[in-house]
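We will take a short walk through the model, one stop at a time.

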Amino acid sequence: MKLNPKIEHNIIIGLLLALWAFLFGFFARPFEHGNMDLGVWIRVSLGFSLAAFLSYSFVTVYQKIIYNKLNKWNAFLEISIYLVYYFFYTILTYTYYKSSFVHGFYDFSRFFTEIILNITLIISPIIFLLRKYAIKLIPKKEEFITFKGDNKLDFLKIKKEELICISNSQNYVEIFFLENEQLKTKLIRSSLKKIQYEFDFLIQVHRSHLINPSHFKSWKDSTTILLTQVELPVSKSYKNRILSL
């Protein structure tokens, strides 16, 4: 399970929850104590809004500490985030509700069942969607792969997406890759079988050729495929692998 632990992204979630809490308090008016004028409902809504922001701000710091310590995230930890959030939100909103700003007369049991539970049912899907969206904001890390030949000084380190294909060349393999959008090649003393074992994302299209499937463009004819700046033959026995892309 993934998590976006970045403080700035989660603060945005907190602000959106605060906005929702203000609108909910102002328009839904979850409780009514006699003659509550517009000014009172603005104060109520602002209090609920601030409680939502402060509660999620605590969650933001809490989850970052846990994530940095464990270096992983799972369903149990995700559920704990919701429990921590609602715990603090309940305490803060009830304290504000009973303060001189609102003069609420619900006891805690009634406040929890009539207000907090309803808020929980409504806002939980919103929090879920916001947290899922936050994961998409995580910048993708560039993934590097390293090819090592029999000689310790014989190696090539490139970005995974730059690799186009690898071809057998007697006792060597020829690696085709992009460098500043230009096609480059490098010979390394190794075998195609060894390369395929080390990098299982590669697809064999011929006894002498492996390809990075992300660079597959189209079929030139029934026996030849076009890759980025390269074309390769396809053996009949490997054709179905290309057709499945």
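Before going on, a word on the ground rules. This is a predicted model, in which local features need pLDDT of at least 70, side-chain atom pairs count only at pLDDT 80 or more, and totals for chains, interfaces and linings use all residues. Residues are numbered from 1 along each chain as its sequence is written, and side-chain values use heavy atoms, with hydrogens and water left out.

**Stop 1: the partner of Asp-150**

Asp-150 and Arg-189 form a salt bridge, with 3.8 Å between the closest N and O atoms; the term asks for a side-chain nitrogen of Lys or Arg within 4 Å of a carboxyl oxygen of Asp or Glu. Asp-150 sits in the loop between β1 (144-148) and β2 (155-159), and Arg-189 in the loop between β5 (182-188) and α5 (192-198), so the pair ties together parts that are 39 residues apart in sequence. Arg-189 counts as partly exposed, at 34% relative accessibility.

**Stop 2: the whole chain**

Now zoom out. Colour by secondary structure and you will find six helices and 10 strands; these are DSSP runs numbered from the N terminus, helices being H or I with at least four residues and strands E with at least two. The radius of gyration is 29 Å, well over the 18 Å that the globule rule gives for 245 residues, so the protein chain is more spread out than a compact globule. That radius is taken over C-alpha atoms, and the rule is 2.2 Å times the number of residues to the power 0.38. Along the principal axes, the C-alpha atoms fill a box of roughly 90 × 40 × 30 Å. Buried residues make up 44% of the 245.

**Stop 3: across helices α3 and α4**

Select Arg-131 and Glu-78. This salt bridge has its closest N and O atoms 2.7 Å apart. Arg-131 belongs to helix α4 (residues 108-136) and Glu-78 to helix α3 (residues 75-97), so the pair ties together parts that are 53 residues apart in sequence. Arg-131 is buried, with a relative accessible area of 7%, and Glu-78 is buried too, at 10%.

**Stop 4: within helix α4**

Next, pick Arg-110 and Glu-114. Their side chains meet in a salt bridge of 3.0 Å, N to O. Both lie in helix α4, four residues apart, about one turn of the helix. Glu-114 is partly exposed at 36%, as is Arg-110 at 37%. A search of the whole structure finds four salt bridges.

**Stop 5: helix α2**

Which residues does Gln-63 touch, leaving aside its neighbours within four places in sequence? Select Gln-63 in helix α2 and show its surroundings: its contacts (heavy atoms within 4.5 Å) are Leu-3, Asn-4, Asn-10, Trp-73, Ile-81 and Arg-131. Gln-63 is buried, with a relative accessible area of 0%.

Finish with Ile-65, found in helix α2 (residues 38-70). Ile-65 counts as exposed, at 53% relative accessibility.

Key. Buried < 20%, exposed > 50% of the residue type's maximum accessible area, 1.4 Å probe, protein only.
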